[in-house]
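Please read the following walk through the model with the sequence and the structure side by side.

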Amino acid sequence: MLKDDKNVIHEDVAEKTIKTKYHICFWMTYFLFNVIRWGSYFNDYWYSFRSNLVEFPLHLVIVYFNIYYLIPNYLLKKKYALYVTFLLLSLGVHYVVRSGLNYWLITENIWPEAQGENAPFGLNHIIAVVLGELYVLALTFSIKISVDFILERNKTQQLTALQYKTELQYLKAQIQPHFFFNTLNNLYALTIQKSSKASEVVVKLSEFMQYIIYDASKKKVSLIQEIQYIDNYIELENIRYGNQIKTEINIVGCVDDVLVTPLLFLPFVENAFKHGFKDTGEMSLLVSFEVHNDTLIFVSENSYGKEASSNSKNGIGIKNVERRLQLLYNENYELIVSNDNNLYKITLKIPTT
């Protein structure tokens with residue numbers, strides 16, 4: 001048997017055990033409540049205990065018969081006439097068995113609340129017993145409906161959370177191969193040229209891999225780590241392009257305690273390098289992080305040529321990060337894209353709390 005199958009079986013057994021415990025606790029509480037209530041009413045707790053001991057198993061039978069057979073097979077399938085018919089038959093059998101057991105095992109006066117009248121199978125006694133049992137059926141049915149609703153809601157929420165988590169992991173995974181592909185291409189070009197800068201790229205690449213393996217898998221990382229990550233990426237591009245690019249990273253406000261989702265900003269910076277060199281062969285890039293009033297403002301601004309102007313927002317990276325923003329922040333974020341005077345600017349505002 002596979003390990004996953006064993007885990008599923010263990011989880012099912014554990015879930016059934018928990019449900020059984022809740023059922024036992026409910027019926028023990030119900031039994032004690034009835035013993036005390038009718039013992040106080042008749043001022044005879046021993047009689048109340050014995051009569052409830054006889055009636056208790058009958059409650060269990062008709063309640064579970066109603067919940068797990070009649071309701072699923074008739075009521076939920078809108079077979080109302082059959083449901084009412086079988087329910088009335090069940091109540092009739094319950095009445096006969098209950099009254100007979102009480103008469104033979106407990107007392108001949110099976111209706112002491114009627115001021116000593118010994119009237120089994122009389123209309124008033126039948127109505128009293130049936131109404132009492134309907135109360136039990138209604139109570140247990142209401143509890144089951146409420147519990148089922150809560151469990152179904154929790155399962156839906158867990159499933160939704162799992163779907164979001166799975167999609168986020170998938171989107172994040174798309175970033176890593178894309179980045180490593182570009183970096184390895186750079187490294188390959190440097191090794192062909194037998195450049196001394198190849199060793200620097202290897203060191204930077206190892207730092208990236210460490211970040212990806214140990215930090216990027218976390219739900220949140222410090223903004224300082226993310227900035228260092230982006231700075232390393234820019235340094236790699238500087239090694240590749242040299243004096244062809246001018247880069248600047250600005251930090252405004254206190255960023256020490258700010259936590260962010262890993263790999264959220266890199267696609268914008270990658271996009272700048274991808275499209276900024278078209279036509280011109282050079283590029284300027286400004287990246288800034290500003291913390292202001294519980295809001296983190298990220299800006300990426302780069303120059304570009306005419307050929308890149310219509311394509312600068314295309315590609316997997318930007319669509320990827322937009323989807324991640326929707327999943328992470330719902331509508332609680334702002335993404336502004338502008339093209340003006342051969343400057344492509346991304347402004348992203350997200351909450352820091």
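The expected span of a helix is 1.5 Å times one less than its number of residues. Helices (H or I, at least four residues) and strands (E, at least two) are DSSP runs, numbered from the N terminus. The model is predicted: local features need pLDDT of at least 70 and side-chain atom pairs count only at pLDDT 80 or more, while totals for chains, interfaces and linings use all residues. Residues are numbered from 1 along each chain as its sequence is written, and side-chain values use heavy atoms, with hydrogens and water left out.

Helix α6 covers residues 223-241. Its 19 residues should span 27 Å at 1.5 Å a residue, and the end C-alpha atoms are 27 Å apart, so the two values agree. Buried here means under 20% relative accessible area, exposed means over 50%, and partly exposed lies in between (1.4 Å probe, protein chains only). The buried residues of α6 include Leu223, Glu226, Ile227, Ile230, Tyr233, Ile234, Glu237 and Tyr241. An α-helix has 3.6 residues a turn, so residues three or four places apart point the same way. Also buried in α6 are Tyr229, Asn232, Leu236 and Ile239. Just after α6, Gly242 takes a positive phi of about 65°.

Another helix, α2, spans residues 45-75 and contains Asn66. Asn66 counts as buried because its relative accessibility is 3%. Leaving aside residues up to four places away in sequence, Asn66 touches Ile71, Pro72, Tyr83, Leu87 and Leu137; contact means heavy atoms within 4.5 Å.

Now to the strands. Two strands pair if DSSP finds at least two bridges between them. Strands β4 (283-292) and β5 (295-303) have a loop between them. β4 and β5 run antiparallel and are joined by 8 bridges, with Val291 opposite Leu296 in β5. The two strands form a hairpin with 2 residues between them.

What phi does Asn293 take, although it is not a glycine? Its phi is positive, at about 50°. Asn293 is exposed because its relative accessible area is 62%. Asp294 lies in this loop between β4 and β5 as well. Asp294 is another residue other than glycine with a positive phi, near 60°, and it counts as exposed because its relative accessibility is 51%.

β5 itself is mostly covered, with 7 of its 9 residues buried. β5 also runs antiparallel to strand β7 (residues 343-351), and 9 bridges join them. In this pairing, Thr295 stands opposite Pro351 in β7.
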